[in-house]
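Subject: The structure, and what turned up in it

Hi,

Here is the structure I promised to pass on to you. Have a look at it first, and then read on for a short tour.

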Amino acid sequence: MLFRSLLIMLPVAGMTGAATLYQSSQRTQEEIVRYELGNTQARFSALPVPSADSLQDPLNDGVIASSSGRYDPDFQRTNPADALPAGYEVLPQRSLQLTTGVGAALVSLQGREVDALNPAFEGKYSLLAGRVPHEGTEVLVSPGLMARFHLAFGQEFTTSAGTFVPVGTIRDASAADSNSILYLKAGQAPADLAPGPLTRQSVSYYLVGPEPITWQQIKEANSEGVGVLSRSVVLDPPPAGQRTVPGSRLHDNTPVLVSVYATFGLVGALALLEVGLLAGAAFAVGAKRQARALALLASSGAGTSTIG
């Protein structure tokens, strides 16, 4: 009886656990704001669009949610720095492609030029261990960089951007601790360090101030090739009717959701099939055992009332 109960319970528990895992992997709007923006109002970055007829996802400044699909060869994207509204304190973040020597080889690592421990980034960045840098060569690093290069606090670390001394580890809530990242403040990276191509990841500008960035401002920025993640818009997204551009339709996530739930349904059906096969076999074995026991009772002279 216990065995048959386990046969039924285990697949059901597995399906429930898989569904719970999927749901828990989806960040809430409050988590998006906290992990991506900290206490800032908005983030401005480059948006890869083919023309001015495109709109981003209100919850993701790197995803195009609506577009006419028209390619405009004369379209010139605006530098995000030139699209920033006035009246805000601006906290830039620049990504750097760095290298360091390991033996005779050069290996790559990520660099970020950002004031990571600024109170405006609370929730996005947090100090894990060590202390705040004070001297000009002191830096923060990710736990993954310390582990990858077998570093200790106070030990010099030479890169293509210079030689630095890690004094603390930092966590980026939107990235894994295992990433190898060197965090520099403005001025610590050489001015002649070659910048990479302008992408959403290469440079971002975080705005600090009391005034929220509206959906209308985001639409205007999108038409210039600039993506914006706004605290107020994430927490209170615009209705579906305001997320389209003329001549286009809203990109529907329904097929994705259907495929996810269809996968769960298929797994569930296979699990139930397995339960049926195993339970059937278990019942068959039980019936054979019962028939054998009854036969033994009959051969030993047991009465009909006893066997029945």
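Let me begin with helix H4, and with what lies over its buried residues. The cover includes strand S2 (54-57), strand S12 (226-230) and helix H5 (231-235). Please keep in mind throughout that this is a predicted model.

The residues under that cover are Trp 215, Ile 218, Ala 221 and Asn 222, all buried in H4, which runs over residues 215-222. Viewed down the helix axis, the buried residues of H4 fall within an arc of 115°, so they line one face of the helix.

A polar atom of the Asn 222 side chain lies 2.9 Å from the backbone oxygen of Val 226. Setting aside neighbours within four places in sequence, Asn 222 is in contact with Leu 47, Val 49, Ser 54, Leu 55, Gln 56, Gly 227 and Val 228.

Next comes helix H2, residues 29-37, where Ile 32, Val 33, Glu 36 and Leu 37 are buried. They span an arc of only 95° around the axis, which puts them on the same side of H2. What do the buried residues of H2 pack against? Their partners are strand S1 (42-46), strand S11 (203-208), S12 and H5. Just after H2, Gly 38 adopts a positive phi of about 65°.

Gln 29 also belongs to H2, and with a relative accessibility of 29% it counts as partly exposed. Which residue lies 206 positions from Gln 29 in sequence, yet 5.8 Å from it in space, C-alpha to C-alpha? That residue is Leu 235. The side chain of Gln 29 has a polar atom 2.7 Å from the backbone oxygen of Val 234. Beyond four places in sequence, Gln 29 touches Leu 59, Val 234, Leu 235, Asp 236 and Pro 237.

Strand S11, one of the elements that the buried residues of H2 pack against, holds Ser 204. Is Ser 204 buried or exposed? Ser 204 is buried, at a relative accessible area of 6%. If residues up to four places away in sequence are left out, Ser 204 touches Arg 43, Phe 44, Ser 45, Leu 91, Pro 92 and Gln 93.

Now for strand S10, residues 181-184, which is covered on both faces. Ile 181 and Tyr 183 are buried on one side, and Leu 182 and Leu 184 are buried on the other. S10 pairs with strand S5 (residues 105-113) in the parallel sense over 4 bridges, and Glu 113 stands opposite Leu 184 there. With strand S7 (residues 138-141), S10 pairs in the antiparallel sense over 2 bridges. In that pairing, Tyr 183 of S10 is the bridge partner of Leu 140.

One loop residue is worth a stop too. His 150 lies between helix H3 (143-148) and strand S8 (157-159). His 150 has a positive phi of about 50°, although it is not a glycine. Its relative accessibility is 68%, so His 150 counts as exposed.

Of the 308 residues, 34% are buried. Among contacts with a separation of 6 or more, 73% join residues 24 or more positions apart. The accessible surface is about 17200 Å², and carbon and sulfur atoms account for 59% of that surface.

Finally, a word on confidence. The mean pLDDT of the chain is 83, and 71% of the residues reach 70 or more. Over residues 17-23, pLDDT stays under 50, and the model has 6 contacts beyond four places in sequence for that stretch. Where pLDDT is low, the predicted coordinates should not be read in detail.

Enjoy exploring!

Best wishes

Notes
Residues numbered from 1 in each chain as written. Predicted model: local features only at pLDDT ≥ 70, side-chain atom pairs only at ≥ 80, totals over all residues. Heavy atoms only, no water. Buried < 20%, exposed > 50% of the residue type's maximum accessible area, 1.4 Å probe, protein only. Arc of directions from axis to C-beta. Contact = heavy atoms within 4.5 Å. Polar contact = N/O pair within 3.5 Å; in protein donor to acceptor, adjacent residues only side chain to side chain. Areas by Shrake-Rupley, 256 points an atom, 1.4 Å probe, with all protein chains shown as cover. pLDDT = per-residue confidence, 0-100. Pairing = 2+ DSSP bridges.
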